[in-house]
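Dear colleague,

I am passing on the structure we spoke about, with some notes on what came out of it. Please look it over before reading further.

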Amino acid sequence: GGKDRRSGLILTIPLCLEQTSMDELSVTLDYLLSIPSEKCKARGFTVIVDGRKSQWNVVKTVVLMLQNVVPAEVSLVCVVKPDEFWDKKVTHFCFWKEKDRLGFEVILVSANKLTRYIEPCQLTEDFGGSLTYDHMDWLNKRLVFEKFTKESTSLLDELALINNGSDKGTQQERERSIDLNFLPSVDPETVLQTGHELLSELQQRRFNGSDGGVSWSPMDDELLAQPQVMKLLDSLREQYTRYQEVCRQRSKRTQLEEIQQKVMQVVNWLEGPGSEQLRTQWGIGDSIRASQALQQKHEEIESQHSEWFAVYVELNQQIAALLNAGDEEDLVELKALQQQLSDVCYRQASQLEFRQNLLQAALEFHSVAQDLSQQLDGLLGMLCVDVAPADGASIQQTLKLLEEKLKSVDLGLQGLRDKGQSLLDQISNQASWAYGKDVTIENKENVDHIQGVMEDMQLRKQRCEDMVDVRRLKMLQMVQLFKCEEDAAQAVEWLSELLDALLKTHIRLGDDAQETKVLLEKHRKFVDVAQSTYDYGRQLLQATVVLCQSLRCTSRSSGDTLPRLNRVWKQFTVTSEERVHRLEAAVAFHSSAEKILQECPEQPEAFNDTEQFDEIEAVGKSLLDRLTVPVVYPDGSEQYFGSPSDMASAAEHIREKMKLVSLKKQQLRQPEAATPES
């Protein structure tokens, strides 16, 4: 950084005790002499060779090397000798004699006398001067500068190549150039930061004083570095700004191309393998299990589609973000991509949803068909079992259950028709999105299957209805059979009750002829009731026989009901006839007795015939005898009217009347006996 009195730069070469490599020294000198500008070099150099710690041979070699390295630039070489100089060696080589050959003046001088040639302010402290100089600091700054210069120059070339490539005419050339040199070898931000720090350090050293407070003038190399650094920084900023724009455009184009590529991937898959998967899935199955298997397969297809739909959602969001922040030149392309992607995805989603709804409808149809088939099987099984009820109530319950099952079948068949028609409507709409494929044949198979199932169920239901009609008729006949049997048994019970009433309550013979006639008339009416009951029972049993023949079965109760009915009726007939005989005898007895008892005494000639009294007495005795005789039935059993006390009371009344007739007879005979005596 020091200068001689001619304003030439001072170059100091410190030599040491170690062996000095002349090659390295030569390279170092070449580097140092390349730093100053040509203007500075024109003023010449003053070289200080510090040989105080070296040998004379080394010093001499260095001085001679200067002749080869910088002969034109060197104007003065000051060899700083040690206190004990090489007197003998100097005699062998005198530099001043070699001035013409060397091209520069060489002087030997001690360190304290160096100020004769160079101002102290231009010398460092090593030579007794006051120039502030830190070699390591200079070296570090120089290395930073060299590194910055090298990196920035290389970076400028790279950025220029990238930026110039982006300005080419065609898009293909632009992309090919950018692809080859897209990423710089160093980070532009790092290089710019290094340059700014270096420039700040150089400017700071220019305006700040040294640590001692003495004003410090920067070295020419630093003064020269500042504009060079500033120029490089300006160029870097310009190229880097262009590079950032290129990167932004490239990033935008890359992002747009990636989106376009992903969009085409989604579109190609949905229109290719995705649509092909749906094309192969047209059936609806012929059972619940088959429909469930198709649903499971469809769920697998939906799962594959869902992955692509997730990509669609992500792409749609990216496109929306680019539309909000994109350039006008990209809006048309982005909107076209978004519209294409949305159309394909929505169309495919609609097809998936339609297929899912179709399979669900098919599953519901087959489920209803299976339920209906089970109901028909149950109804058929019920119809195939022979009816063997215990009574009419169980038949009514079975008939009610049969009607309920038939009604349930009707409802199930109607539900099957509704589900089938809905499924047929959906199948008919399949042609509108048939994936570009003629589905007439496939649809015909599905339609034939659905219609076949409904027709088969209709036929089965019709057969069951016919069987139900037959079973209903049979069960109604059985109800009538049981009803006839029950009513016939009831008729037997009624007839038995009439017989029992006849024996136990119809015991009075009347106090006179009029009352007895009334009792006889009531008895005839009573017999008419019994006759009607018997006839009703006979008719019921005849109906039972007819129903049994129709049902081809043997009645469980009519076999003993008819004999019981006949037996009770015969007992009733015998008892009724006995009752009639007694009442008729009572009427004859009371009529004759009352006639005699009511005759006037003035007409005794009317009773001259004793046969009347004998007849009355005979009738009375016969009647009394009947009262003591039981009723004998055809089977040999016997039965008395009423209780013994009842019969005794009736007999006593007849005896009383017979006594009155006998007394009347005696009264009439007394006058007849008195007449002969007179």
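M136 is found in helix 6, which covers residues 135–166, in what is, please bear in mind, a predicted model. Together with L139 and L143, M136 forms a nonpolar patch on the surface, and the accessible area of these three residues comes to about 270 Å². M136 counts as partly exposed because its relative accessible area is 49%, which lies between the 20% limit for buried and the 50% limit for exposed.

**Strand 3 and its neighbours**

Strand 3, made up of residues 74–80, is mostly covered, with six of its seven residues buried. On one side of the pairing list is strand 2 (residues 45–50), which runs parallel to strand 3 and is joined to it by six bridges; here F45 has V74 of strand 3 as its bridge partner. Strand 3 is also joined to strand 4 (residues 105–109) by five bridges, and these two strands run parallel as well, with E105 of strand 4 as the bridge partner of L76.

**The chain overall**

The chain holds 17 helices and six strands, and of its 678 residues 39% are buried.

With best wishes

Methods. Residues numbered from 1 in each chain as written. Predicted model: local features only at pLDDT ≥ 70, side-chain atom pairs only at ≥ 80, totals over all residues. Heavy atoms only, no water. Buried < 20%, exposed > 50% of the residue type's maximum accessible area, 1.4 Å probe, protein only. Helix = DSSP H or I, 4+ residues; strand = E, 2+ residues; numbered from the N terminus. Pairing = 2+ DSSP bridges. Patch = residues over 30% accessible without salt bridge, like charges linked within 9 Å, V, L, I, M, F, W, Y side chains within 5 Å. Areas by Shrake-Rupley, 256 points an atom, 1.4 Å probe, with all protein chains shown as cover. Salt bridge = Lys/Arg side-chain N within 4 Å of Asp/Glu carboxyl O.
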